[in-house]
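This report covers confidence in the model and the contacts made by aromatic rings. The sequence and structure come first.

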Amino acid sequence: MISMLYFVVESMGSFCSRQQPLNEVDSDENKQAAEIDKRIDRETKAEQHIHKLLLLGAGESGKSTIFKQIRLLFQTGFDEAELRSYTSVIHANVYQTIKILYDGAKELAENEPNSLKYVVRTDNKEIGENLSEIGSRMESPCLTKEIAKEIATLWNDTAIQETYSHGNILQVPDCAQYFMENLERFSEVNYIPTKEDVLHARVRTTGVVEIQFSPVGESRKSGEVYRLYDVGGQRNERRKWIHLFEGVTSVIFCAAISEYDQMLFEDDTKNRMMETKELFEWVLKQSCFEKSSFMLFLNKFDIFEKKVHRVPLNVCEWFKDYQPMGSGKQEVEHAYEFVKKKFEELYFQNSKPDCVDRAFKIYRTTALDQKLVKKTFKLVDETLRRRNLIEAGLL
Amino acid sequence: MPQYQQQASWRLEGGGQIIDLETAIKDGILGGGGGGLPAGKDGTLGATAEKLDLKKMIEELDSAAPEDVPSVFICPISLEPMVDPVTLCTGQTYERANILKWFSLGHLTCPTTMQELWDDAVTPNRTLHQLINAWFSQRYLLLKKRSEDVQGRAAELVQSLKKVKGQARVQALKDLQKIVVAHTSVKKTVADSGGVSLLSSLLGPFTSHAVGSEVIAILVNLCLDSDAKTSLMQPARISLVVDMLNEGTIDTKINCTRFIEMLMEEKSFRWEVVSSLSLLVALLRLVKDKRHPNGMAAGLSLLKAICSHEQVRSLIVSVGAVPQLVELLPNLSPECSEPALHILDDLSTAPEGLSALKDCPQTIPNAVRLLMRVSEACTQYALSILWAVCKLAPDECASLAVEAGLAAKLLLVIQSGCSPELKQRAAELLKLCSLNYTTTLFISKCKLTRTIQ
């Protein structure tokens, strides 16, 4: 700024008096410096108009899926090269999944009271052992038709099916069924993953990824510019880097509500929902988010819907005072409202009185459903735009 | 005569001139369809049927579109338009009932000319009658047409809402809201054309604020039946309303409060519906917003209604309602003081509420100030709060109260025209407060002279 001022003063001098500046040699340098300053100034101003959104949440809460969805919706999506790059990921996911199921069946057969139903058929055992070995390798081989057939056979084994339905104490990924159902396609020679496949693919996020986008509305105006950040979800040193996100426009906190009966990947004695609860509390208390809006995405509603009938909410300590009221769709709604109220309560308990004005909204999401994510994001966009107008005093 | 000139200036459909009255009645002014007039085959109306309809038309026009009725249509006795005009031998015309009454009182004169009547016959003035009929019918038809237009437009809008999306939907809703507010007849049209259930269906978890706020603005002006209200109480819809209460303009906020109040009147209402922290926080924010007094009043009204359900009281206390309301008390308008005190009184029945009241330092002074200041109801609530707080912690609170001038106020209550129960309460509280003082000291606190004690 100072050198810019100097530049201005200097040039004023030269315009008015047409005198040569004393330090003519430096004038080029000064010009450059001034240009740089101007650029910095412009970009800082531009930066201020970019709304920064931070995706937070426990591991496997769906943050990266939301991230991918936003890419698909508002950017050019995935090009062929990128889609191809997911082939090996998906193959690896398939091996990992079947390994977890087979190993899990063995474990349950040893420890559970009704152990017989977890015992794999004799002729499938060899397949199982083989696959389990493959799954433990660092690099998975390509998925061939033969292996795919073997996996399918194993998957259809009643013991494996039984294991799958009791998958909560194991680390069976939520999209296990999707992978198993599409084995044939995955094992095609010229297989290129579809968008759907990519959305289901599981890669643990390390570091920070960001995308910048502009949600194009029906009026086709470019509207607001958003930058979305996705950080890893596991229990690493969050407190060290979280303050780098000070002053983000909004925190999008993803909570997978279907995981109330599951344990953490990092620590299988800890209930995932309790971890989410603690994380949310921690995030709320951070002073760097005092002015940020909070959008809570209660994710994996599709899985929640089905699970509620099988597994009562009370298995999670946080939900121990839940009282089921009926059955069918009404019960699902009732359960959802209960969970929502719990999060609401948590929010208000952990928000300081002067934070009461920050926006807090809860959205029911199913991150894999593109239409739903689009609709949800439209609402988020509307809220943030209104907030902007309110703050500018225009509303 | 003036009325014939006026006749020439009537605008008929098609712009035709009136040739004769018969033609006018048959083709133009009293043409078939609309207006609800039973027309005979040749266009003339039966005598009695005419009279009833004419009376009805006159009444409706009088209330809906008051216009200057031509003076020659007015009965000189009653100054009302004539339904059955009769002419005397003097040539003056009056309403039949009125002139017959005049005669029955013993007068055999013409009221306007004061002439003695040489002939007591009253002749029905058919010509004038038909003119009056025609004049009123034309305007009545126009009125009906205009109102039908509006109703037609409303029905059209409701139909279009089934199809349009996005910005067009928002505009249709805005238009519908304007019509509903301006014309009461439209409310029924909307209800009849399935509008209510359609509007309800537009409220869901993915409804944008723009659409939601307009829908609520319409629904709040309609009469909703029991089923409609029950379906609107679904949690997803209530959540949407709460969101709008948080984020909307002041008008939207007020509409949402009134909307929830409407739902609360329904029999099937359960307190769980309003046991939402977000709702209570949003309401408190509305109540505290001094820039919008009507918002404060609406918020207090709803909060009072919610507070009447005792299961929600501890939740209300947990969002810090007590100190926030207590702090508001000195600056509230009289209309707002009553609901505010009522809420605090209700909250005092919950243990958390009572201790919050006790802990808030402004409770006692503000409550004392409001005694005998606004209304008997306010005094009753303030007294009840003070009683509860002093009973809870007599040592602390009683002295605070007395220092704030409670004693003098209580004496005022006792001497006033308030209800006996209130006076009794005041006396008991006075006794409670006096316990820690000697008589002389206490009397000085009451600021009374010895003689009055």
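Rings of Phe, Tyr and Trp, the last taken by its six-membered ring, count as a pair if their centres lie within 6.5 Å. In this predicted model, such ring pairs join twelve residues named here into a cluster: Phe253(A), Phe280(A), Phe289(A), Phe294(A), Trp318(A), Phe319(A), Tyr322(A), Phe338(A), Phe343(A), Tyr347(A), Phe348(A) and Phe360(A).

Over all chains, the search of the whole structure gives 29 aromatic pairs. Two of the pairs are set out below.

| Pair | Distance between ring centres | Angle between planes | Class |
|---|---|---|---|
| Phe74(A) and Phe213(A) | 5.4 Å | 5° | stacked |
| Tyr260(A) and Phe304(A) | 6.2 Å | 75° | edge-to-face |

The planes of Phe74(A) and Phe213(A) are at 5°, so this pair is stacked; planes under 30 degrees apart are classed that way. Phe74(A) belongs to helix H3 (residues 63-74) of chain A and Phe213(A) to strand E2 (residues 208-213) of chain A, so that distant parts of the chain, 139 residues apart, are linked. Phe74(A) has a relative accessibility of 18% and therefore counts as buried. Phe213(A), at 4%, also counts as buried.

For Tyr260(A) and Phe304(A) the planes are at 75°, so the pair is edge-to-face, the class for angles over 60 degrees. Tyr260(A) is in the loop between strand E4 (250-256) and helix H13 (272-285) of chain A, while Phe304(A) is in helix H14 (residues 301-310) of chain A; the pair therefore ties together parts 44 residues apart in sequence. Tyr260(A) and Phe304(A) are both buried.

**Charges over rings**

Tyr260(A) also has Lys307(A) over its face, at 5.8 Å from the ring centre. In another case, Arg364(A) lies over the face of Tyr336(A), 4.2 Å from the ring centre.

**Confidence**

The model has an ipTM of 0.74 and a pTM of 0.72. The average pLDDT of chain B is 80, and 85% of its residues score at least 70. Within chain B, strand E1 (residues 85-87) has the highest confidence, at 93, and helix H1 (residues 2-8) the lowest, at a mean of 43. Residues 1-19 of chain B stay under 50 in pLDDT, and the model gives them 24 contacts beyond four places in sequence. Residues 23-49 of chain B are below 50 as well, and this stretch has 35 contacts beyond near neighbours in sequence.

Conventions: Residues numbered from 1 in each chain as written. Chains lettered and ligands numbered in written order. Predicted model: local features only at pLDDT ≥ 70, side-chain atom pairs only at ≥ 80, totals over all residues. Heavy atoms only, no water. pLDDT = per-residue confidence, 0-100. Helix = DSSP H or I, 4+ residues; strand = E, 2+ residues; numbered from the N terminus. Contact = heavy atoms within 4.5 Å. Buried < 20%, exposed > 50% of the residue type's maximum accessible area, 1.4 Å probe, protein only. Lys NZ or Arg CZ within 6 Å of the ring centre and 35° of its normal.
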